[in-house]
Amino acid sequence: MLSNGLILVVSFIYIAILFAVARYGDKRSDEKRSIISNPYIYALSMAVYCSAWTFYGSVGKAANSGIGFLPVYLGPTLMAPLFWIILRKMIRIAKKHRITSIADFISSRYGKSILIGSTVTLIAVTGILPYIALQLKAVSSSYFILSNYPDLITSSNFKDIPFFEDTAFYITLLLALFAIVFGTRHIDATERHEGLVTAIAFESFVKLFAFLIIGFFVTYSLHDGFGDLFTKAKSLTNFDSLFSEPTIIQSGSWFGLTFLSMLAILFLPRQFQVSVVENVNEDHLKKAVWIFPLYLLIINIFVIPIALGGLLHFEGSPIDADTFVLTLPLAVGQTGIALLVFLGGLSAATGMVIVATVALSTMFSNDMLMPLILRLKFLKLNEEKDLRWLLLLIRRGTIILILLLSYFYYRVIESHYSLVSIGLISFTAVAQFAPIILGGMYWKGGTKYGALAGMLAGFLVWGFTLALPSLVPAGIVSPMLMEEGLFGISLFKPMAFLGLTGLDSITHALFWSILFNCFFYFGVSILGRPSAIEYSQAALFVDIDKYSPEFEHRAIGQGTASIDDLRTLLKRFIGSKRTERLLSYYAKKNNLDWETRPLADAGLINFVEKRLSGVIGSSSARIMVSSVVKEKKVSIDDVMKILSETQQVIAYSQELEKKSMELEKATDELKRANQKLKKMDQFKDDFIATITHELRTPLTSVRAFTEILYDNPEIDIRQRQNFLNIIIKETERLTRLINQILDIQKIESQEMDWQFSPVSLNEIIEDSIATMGKVFEDQKITLEIVNEHNYLLNGDKDKLMQVMLNLLSNAVKYCNKDESFIKISSEKRNSVIQIDIEDNGMGVHEDDQTIIFEKFRQATKIDPDKERPQGSGLGLSITRQIVEAHGGSIWVKSKPGQGAKFSFSLPFSSKLQQGERV
Amino acid sequence: MNNSLRSCQIIVFIFILGLFLFNQPIISIFTNNNSLFNFPVILLYLFSIWGFFILLMALLAIFLNKQTDSNSNNQD
C-alpha cells in the first residue's frame, strides 16, 4: 500500500513534466526548429489510439476471452497500408481547405453546411464523452487501488467520496488547463499545436515503457518466461476456452471488431486531430505505415502473459481482471513497479483525454456554436471590431465544459462498465462518419441531405441498439425494454433488432447502423440533386489534385466585395496585424495594388474565406463572407459549366505542356546536330587549308626545279640529275598524299574494295620491316621483335601492311633521334590478337590520345621547343579506319617524354605452327 | 501517374492479403488444442503474421520512398 501523498506528488510531478515537454515543443516550433516534423514523432502521436482501455482493459479482455482483445489492434494494422491512399488524401484535402476538425471536413464537403457540421459534432460529442469519462474513471480507480490495496474495490466505497476529495477531479482540472494552454494557443485552429503533439508522443513512449516493464516483471520475474507461464496456465479451468475454442472467432464478432477498429483509426476525432490536422508532411505517412502497427504489436506482446499471471495468482478471488496490471505487482509487494504502472495508465488516459478534448472543443466551437452565434442578430456581433476574445472564450469554455461533463458522466455511471465495452460503443458511434467521409472523398454524387439522412439513421440505430442497453444497468432505462422490445414489439428488441440474433451486441449494432446509414446516404443522395456549392465542393474534394486555385475561385465565388469590407471582416477574427500581413502577401503574390483596386475579385474572396475557415470553421466562414459579398446567384449548371471548362482548360494546358516539352526536345536535338555540323564544317575548312598547303609544298618545289631546268638548258648533268631526283621525290610525295585522300574518301563512303583472305601475322610484320629496312638502317634504329607464336588472321593483306607501315613510319618519325628504339610485339588476348608498336620518342599528351586518330587532326600539345614532324593528319585516321573495318580497335598509351605505345587488336582466327605459311 | 497507380495496386494487394490472413476462415485453422513450444498455436500464428505484415509494410515504405525519389528526379 502506498501513501496518498506519495501517489499525488508523483502524479502531479508527471503532469508538470508533461507541461514542460509541451512547452519545449512549442518553443522549438517558435524557433522554427520543429520537433514534430519527424515521422517517428508522428507515428508515436498516432499511438494516442492506445488509451487507458489498452493499458488496463486489454488484460481484462484477454483474461476473459483469450485473443478477444486483438481485433482492436489488428484493425488499425490492416488499415495501415491504406493510409497512403486514404489518409494522404484526407491530409491533402484538409490542408487545401484549411480544415480544423472531422466535423469541419464533413461539413465542408457537403456544401459547408451548418446542419451537417452540428450533426457531426453532436454525434461525436455523444459518442466520445463517455469514452473520456472512462479514462477519468481509469485514473480514479487506479489511484484508488494503489492507495487502498488489498481492500477490494466496490462501487459503494467509491461513491462515498465527494468530488472535491477525488484525485480524478483535480487531474481533470489540470488536463483542462493543459488543453487550454497548449490546444488554443493559436487563434487559427489549422496551425499545428506542436507542444501538444510533442507531449502526446512523450506519453505514448511512457505508456509503452511502463507496460513493457510490468510485462517483463510478470513473465520473467514472477514466472520463468513465456513457456513456463503457458505450461502453468494449462491448469486454469478456463484455459481451453481461452485459446482452443474462442467463441469470438465463431460468432462473427472477430471480423466485426476488426472492421470497426479499421474505421476507428481513421475517423475517431482524436485520430483525425493527430494524423490529419497536426500532420506536418504527408511523407511522414510512409514511415508511419509500419512504425505505428509495430507500436501496437509491441504493446500487445505481454497482454496474454499478464492476463495468465493474474489468473494464476488471483484464481478464485473477486479481483477485476481490468486491474491485473496494478494488483499483480501490489500483491507481491512490488510497489515501485505498481507506481510506474500507475504512471503508464495515467499517461495513456491523459493523452487520450487531451487530444479528444481539443478535437471536440474545436468542432463544438467552430462547427456548432460559432455559426449559431454569428447568426443571432440581437447580439449585434456585426458591430464588434474584434471578435478574437469571443472565439478564444468559446473554445476555452468548451474545453472546460466537455471535461466537466465527462467527469460528471463518470461519477453517475462509474462502476457499471468494463473499460472495453464503452470504448467499443464510442467506436461504433464514430463509425457512422465512415460512409459519408469515404463516399464524399471518392464519389461526387453524395449530397448534403443524403449525408444528413445517413448519419442520423446510423446514429439512431446506434442509440437504440447500443446506447440504450448500456444505460439499463445504471437504472436509467427500464430492463423491460430489453426483454419486450420498443412499445412491446418483439421485432424492436435493442439486442435483437428485427429478430437478428447470434451476434454480440457491438457487431449487431455495427451491422444495423452501418446498413441503415449507407442505405439512407446513398438512397437520398441518388434521389436528390446537389446544390451548386455542394456540387463544386464535391468536385474539389474528389479530384483534389485536379483543380488549381484559380479555377477553384471561379467555381466557388462569383461575387464581388469591397476590399475594405473584407479587411474589416478579417480584422475581427485574426486581428489587424495579421490581416495587413495576409492582404499584402496576397497583393504581392498576385501583383495587385489595393489603392487602385477597390473591388475584390473571386480569388481574394476565396482567399479570405479559406483563412477564416481555419479560424472559425468552414460553415461560419461561409456565413461571414457572404455577409459582405454581393453574390451572384450561381446555379448548378453554372458550376458544372465552369468545372467542365476548367477541366478542358487543364487538359488543354497539359497537352500544351506535353507538346512544348516535345518541341523543346526536338530543338535540343537540332541544336546538337547543328553544333556537330558546324564543327565538321570547321574541320573541313581546316582540312582544305592543310591539304592545299600539303599539296602546294611539293608542287612548288617541282615547279621551281622544272623552271630552273627549263631556263638553264646548259646545266651540269650531275646537277640536273640531282634536280630531277628531287622532282621525282616530290611527285611521289604528291601521289602518296593524293592516294591517302582517295583512301579515306573510299573507306568513308564504303567504296573500298576489301580483299579479305587468311593472312599470316608474322608475314605482315616481316614484310613491313623489310619495306622499312633501309629507313631503319639509315637512322640507326634498334629494332626488337617479340612474337612467340604466329597467328592466322582474316584480312586484307595490303591494307594490314599499310597499317603496320603507317605505325612504323610514325614511330620512326617521332623516335628519339640519338638512341632510337622500336619494339614490335604480338600477343593473343582472349579472342583478339594485339599488336604493339612501341617507341622511345616524345610521347603523346593525354589530351591528344584520341584526337590523333581523327581526320586532319594532329597532336596539338607538343613541346614548342621541339621540331614538329611533318604529316598530313591523315595517316593515323586511315589506320584506324582500316583496323575498324577488320573488326578491331586501335589506341595509344603514352606519357609525354616517355615514348608511345600504339596498339591495335584484330579478331583472332587461328594459330599457325612455327614456320608454316599461308 | 503510372507510378502512383502501381503503388496503389501494391497497397491494395497487401491490404487484401492481410484481410484474409487475419480473418475467418483461415484463423479458425489454428483454433485448436495444439500447442507449439508450449504456446497455443493461435497466438503463435497471429503474432507471427502480424510481424510479417509489418515487415511487408516496411518494404512498402522503402518502395514508396524510392518512387518519390525517382519522381522528383524526373522533374529535375
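## The interface between the two chains

Chain B and chain A together bury about 3,200 Å², and 78% of that area lies on carbon and sulfur atoms. The model is predicted, so these values describe a computed structure. On the side of chain B, at least two residues each come from helix H1 (2-21), strand S2 (39-40) and helix H2 (41-75). H2(B) gives the largest share of the side of chain B that touches chain A, with 15 residues.

By type, the residues on this side of chain B are 22 nonpolar, eleven polar and no charged. In total, 33 residues of chain B are in contact with 37 residues of chain A. Between chain B and chain A there are zero salt bridges. Three residue pairs are in polar contact across the interface of chain B and chain A, with both residues at pLDDT 80 or more.

## Aromatic pairs

Over all chains, the structure holds 40 aromatic pairs. One of them is formed by Trp53(A) and Phe427(A), a tilted pair with 5.0 Å centre to centre and 55 degrees between the planes. Trp53(A) is in helix H3 (residues 52-65) of chain A and Phe427(A) is in helix H20 (residues 419-430) of chain A, so this pair ties together parts that are 374 residues apart in sequence. Trp53(A) and Phe427(A) are both buried.

Another pair, Tyr110(A) with Tyr521(A), is edge-to-face: the distance is 6.2 Å centre to centre and the angle between the planes is 90 degrees. Tyr110(A) belongs to the loop between helix H5 (102-109) and helix H6 (114-148) of chain A, and Tyr521(A) to helix H24 (residues 505-527) of chain A, so the pair ties together parts that are 411 residues apart in sequence. Tyr110(A) has a relative accessible area of 1% and is buried. Tyr521(A) is buried as well, with a relative accessible area of 0%. Ring pairs also make a cluster of Tyr49(A), Trp53(A), Tyr73(A), Tyr131(A), Phe292(A) and Phe427(A).

## Salt bridges

Side chains of opposite charge can pair when their charged atoms come close. In the whole structure, 18 salt bridges are found over all chains. One of them joins Arg88(A) and Glu282(A), with the closest N and O atoms 3.9 Å apart. This pair links distant parts of the chain, 194 residues apart: Arg88(A) is in helix H4 (residues 71-97) of chain A, and Glu282(A) is in the loop between helix H14 (269-277) and helix H15 (284-300) of chain A. Both Arg88(A) and Glu282(A) are buried.

Lys444(A) and Asp543(A) form a salt bridge in which the closest N and O atoms are 2.9 Å apart. Lys444(A) is in the loop between helix H21 (434-442) and helix H22 (448-471) of chain A, and Asp543(A) is in the loop between helix H25 (532-542) and helix H26 (549-556) of chain A, so the pair ties together parts that are 99 residues apart in sequence. Lys444(A) is partly exposed, at a relative accessible area of 31%, whereas Asp543(A) is buried, at 15%. Arg829(A) and Glu827(A) also meet in a salt bridge, at 3.5 Å from N to O. Arg829(A) is partly exposed at 41% relative accessibility, and Glu827(A) is partly exposed at 39%. Lys27(A), Glu31(A) and Arg33(A) are joined into one network by salt bridges that share partners.

## A buried helix

How many of the nine residues of H14(A) are buried? Nine of the nine are, so H14(A) is largely enclosed by the rest of the structure. Among its buried residues are Arg270(A), Gln271(A), Phe272(A) and Val274(A). Pro269(A) and Val277(A) are also buried residues of H14(A).

## Thr335(A)

Thr335(A) is found in helix H18 (residues 335-375) of chain A. With a relative accessible area of 27%, Thr335(A) is partly exposed. From Thr335(A) to Gly25(A) the separation is 310 residues in sequence and 32 Å in space, C-alpha to C-alpha.

Key:
Residues numbered from 1 in each chain as written. Chains lettered and ligands numbered in written order. Predicted model: local features only at pLDDT ≥ 70, side-chain atom pairs only at ≥ 80, totals over all residues. Heavy atoms only, no water. Contact = heavy atoms within 4.5 Å. Buried area = accessible area lost by both parts, 1.4 Å probe. Salt bridge = Lys/Arg side-chain N within 4 Å of Asp/Glu carboxyl O. Polar contact = N/O pair within 3.5 Å; in protein donor to acceptor, adjacent residues only side chain to side chain. Helix = DSSP H or I, 4+ residues; strand = E, 2+ residues; numbered from the N terminus. Nonpolar A, V, L, I, M, F, W, Y, C, P; charged D, E, K, R; others polar. Phe/Tyr/Trp six-rings, centres within 6.5 Å; stacked < 30°, edge-to-face > 60°. Buried < 20%, exposed > 50% of the residue type's maximum accessible area, 1.4 Å probe, protein only.
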